[in-house]
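Work through the exercises below with the sequence and the model at hand. Each task is followed by a solution in steps.

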Amino acid sequence: VNENEQLDFDVIVCGGTIGIFMATALQLKNWKVCVVERGKLVGRQQDWNISEKELDEVISEGVFSEADKDEIVSRKFNPMRAGFKRKEG
């Protein structure tokens, strides 16, 4: 980018898997999106955690189709919460 060049974006998104999904969803809605990513943005196979509700929201925004869901999801876990027992006394 030339230092004299003016940039015009509707939104700047930090990278990462979810950030890239959000940027894609916004571009599908004709937003001008800038993605800030630490490294070179390339396709990659990566594990990531997302709830079924969150995945359904990404699907509803058109980033993935409902038909893609079976291919995307490799493992399902029962919802649970982990925590520490409060120390008494």
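**Exercise 1. Locate methionine 80 and decide whether methionine 80 is buried or exposed.**

Solution. Start with the place in the chain: methionine 80 is in the segment after α3. The model is a predicted one. Next, take the relative accessible area, which is 78% for methionine 80. The cut-off for exposed is over 50%, so methionine 80 counts as exposed at 78%.

**Exercise 2. State the order of secondary structure elements and describe the overall dimensions of the chain.**

Solution. First count the elements: there are three helices and two strands. Then read along the sequence, which gives the pattern β-α-β-α-α. For the dimensions, the C-alpha atoms fill a box of roughly 65 × 45 × 25 Å along the principal axes. The radius of gyration of the chain is 18 Å, whereas a compact globule of 89 residues would have one near 12 Å. Burial is the next step: 17% of the 89 residues are buried. Finally, take the contacts between residues at least 6 apart in sequence; 35% of these join residues at least 24 apart.

**Exercise 3. Compare the span of helix α1 with the expected value, and list what its buried residues pack against.**

Solution. Helix α1 runs over residues 17–28, which is 12 residues. From first C-alpha to last, α1 reaches 17 Å, close to the 16 Å expected at 1.5 Å a residue. The buried residues of α1 are Thr17, Gly19, Phe21, Ala23, Ala25 and Leu26. These residues pack against β1 (11–14), β2 (33–36) and α2 (52–60).

**Exercise 4. What is the phi of asparagine 30, and where is asparagine 30 placed?**

Solution. Asparagine 30 is placed in the loop between α1 and β2, and comes just after α1. Its phi is positive, about 70°, although asparagine 30 is not a glycine. Asparagine 30 counts as exposed because its relative accessibility is 69%.

**Exercise 5. Is valine 33 buried or exposed, and which residues is valine 33 in contact with, leaving aside neighbours within four places in sequence?**

Solution. Valine 33 is found in strand β2. The relative accessibility of valine 33 is 14%, so valine 33 counts as buried. With neighbours within four places left aside, the contacts of valine 33 are Phe9, Val11, Val13, Ala23, Leu26 and Gln27. Of these, Ala23 and Leu26 are among the buried residues of α1. Lysine 76 is 43 residues apart from valine 33 along the chain, and their C-alpha atoms are separated by 32 Å.

**Exercise 6. How many positive and negative side chains does the chain have, and what is the accessible surface?**

Solution. The chain has 13 positive and 16 negative side chains. The centres of the two sets lie 11 Å apart. The accessible surface comes to about 8300 Å², and 49% of that surface belongs to carbon and sulfur atoms.

Methods. Residues numbered from 1 in each chain as written. Predicted model: local features only at pLDDT ≥ 70, side-chain atom pairs only at ≥ 80, totals over all residues. Heavy atoms only, no water. Helix = DSSP H or I, 4+ residues; strand = E, 2+ residues; numbered from the N terminus. Rg over C-alpha atoms; globule rule 2.2 N^0.38 Å. Buried < 20%, exposed > 50% of the residue type's maximum accessible area, 1.4 Å probe, protein only. Contact = heavy atoms within 4.5 Å. Areas by Shrake-Rupley, 256 points an atom, 1.4 Å probe, with all protein chains shown as cover. Lys, Arg positive; Asp, Glu negative; His and termini not counted. Charge placed at Lys NZ, Arg CZ, Asp CG, Glu CD. Expected span 1.5 Å × (residues − 1).
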